[in-house]
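Below are my notes on the model, as numbered points. Please read them with the coordinates open.

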Amino acid sequence: MTNRIETIYLSDGDIATMNIPTDEVTIYGEPSFPQLATICSHGLYYEFSKQEGVRGTPEFPRLVRIETSGMRGTFWDCPYVKGDVEFPKLTLVGDRGMYQTFLECHGKRVATSTKPDPGISSCSFPLLQKVGNFGMFQCFAECDDLETVTFPRLEQLGREAMSMCFMYCGKLKRVDFPALLRRDLGNPSITTSTYVQTVSENVSTQTDGDFLITTIETTYRYRTDGGKFNIQKETNRYTIGDLCFHNAFRGCKKLEVHFPEALEPAFIDVWTKEHLGLYDTESKVVFDL
């Protein structure tokens, strides 16, 4: 079965919920989504991966949100996806939202090691503020024509949000993250959520031959009127996690990665060149923005 289309369009307000069986359908056309505002959970999950008929530069001019796994592997190994990709209104990438989205979008290679069809050359995220857990894991890995990528407003990064994101992007020479902030999100709120309150907890250990016996004694109290206790609700204290750039730039050479100066006390011993995957002597990790 063949589905020939010139352009992929979704109407205003729609969310991407297409279920095209990519193992049975060949797609021909430009990956253009002029009205798409939200990509729901798994909306474009590996939708066009390995499709040689998908050609041109992906366009998402009105896209604001990518939810869980929304663009996971969407254009993975599409040899004719190329050019300067822009997400001009995107503010949120959810957990695994752009996991492997452009993995191996390196253009069409031929046996003579020449590349008549180049891959993605740049990508901009001018309004992006938050990337969730594993949100951009391997997103641009092996895009060896990628020269520039921008994140001027990116503040929040979840666990391993950019792990291996730019692995083997050999043409990258500088990437800046000027808006990243490790900041307190506020005081814990007070809420009522339990009928029982812990008063004390005592732990004692005794030796029994070749064994140790541990006894835990916990004392609780209950309200006589059946009401709930007021307790402090824990909050996520910081906007970024320590491991969000693990091996993000592995295989890159002569690359400079710049972070805000205010991050240095917390991250200078964590975000080292080795942690970011930079092992050549000419690459730098600098806290100077």
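1. Leaving out residues up to four places away in sequence, F245 touches L157, M162, F177, L180, F259, W271, H275 and L276. F245 and F249 are the residues with the most contacts inside the largest nonpolar core, which has 59 residues. Strands β7 (120-124), β16 (256-259) and β17 (284-287) each supply at least two residues of this core. A second, separate core has 8 residues, among them Y46, L103, F134 and A141. In soluble globular proteins, nonpolar side chains tend to be buried together.

2. The mean pLDDT of the chain is 82, with 79% of its residues at 70 or more. Over residues 1-26 the pLDDT is below 50, although this stretch has 65 contacts in the model beyond near neighbours in sequence. Where pLDDT is low, the predicted coordinates should not be read in detail.

3. The F177 and F259 rings are stacked, at 5.6 Å centre to centre and 20 degrees between the planes. F177 lies in the loop between β11 and β12 (189-194) and F259 in strand β16, so the pair ties together parts that are 82 residues apart in sequence. Both F177 and F259 are buried.

4. The structure holds 23 aromatic pairs. What geometry do the rings of F125 and F140 adopt? Their centres are 6.4 Å apart and their planes are at 75 degrees, so this pair is edge-to-face. F125 is in the loop between β7 and β8 (130-131), and F140 is in the loop between β8 and β9 (148-150); the pair therefore ties together parts that are 15 residues apart in sequence. F125 counts as buried because its relative accessibility is 0%, and F140 counts as buried at 0% as well.

5. K50 lies over the face of W76, at 4.3 Å from the ring centre. R55 lies over the face of Y80, and here the distance from the ring centre is 3.8 Å.

6. S163 belongs to the loop between β10 (156-157) and β11 (174-176). Is S163 buried or exposed? With a relative accessible area of 0%, S163 is buried. Apart from neighbours within four places in sequence, S163 is in contact with M136, F137, Q138, L243, C244, H246 and A248. One of these, L243, is 80 residues from S163 in sequence, while the C-alpha to C-alpha distance is 7.9 Å.

7. How many disulfides does a search of the whole structure find? The search returns 0. For C78, the closest cysteine sulfur is that of C105, and at 5.6 Å it is too far for a bond. C78 is buried, with a relative accessible area of 0%. C169 is in no disulfide either, the nearest cysteine sulfur being that of C143, 5.5 Å away. C169 counts as buried because its relative accessibility is 0%.

Key: Residues numbered from 1 in each chain as written. Heavy atoms only, no water. Helix = DSSP H or I, 4+ residues; strand = E, 2+ residues; numbered from the N terminus. Buried < 20%, exposed > 50% of the residue type's maximum accessible area, 1.4 Å probe, protein only. Contact = heavy atoms within 4.5 Å. pLDDT = per-residue confidence, 0-100. Core = buried A, V, L, I, M, F, W, Y, C linked by side-chain atoms within 4.5 Å. Phe/Tyr/Trp six-rings, centres within 6.5 Å; stacked < 30°, edge-to-face > 60°. Lys NZ or Arg CZ within 6 Å of the ring centre and 35° of its normal. Disulfide = S-S within 2.5 Å.
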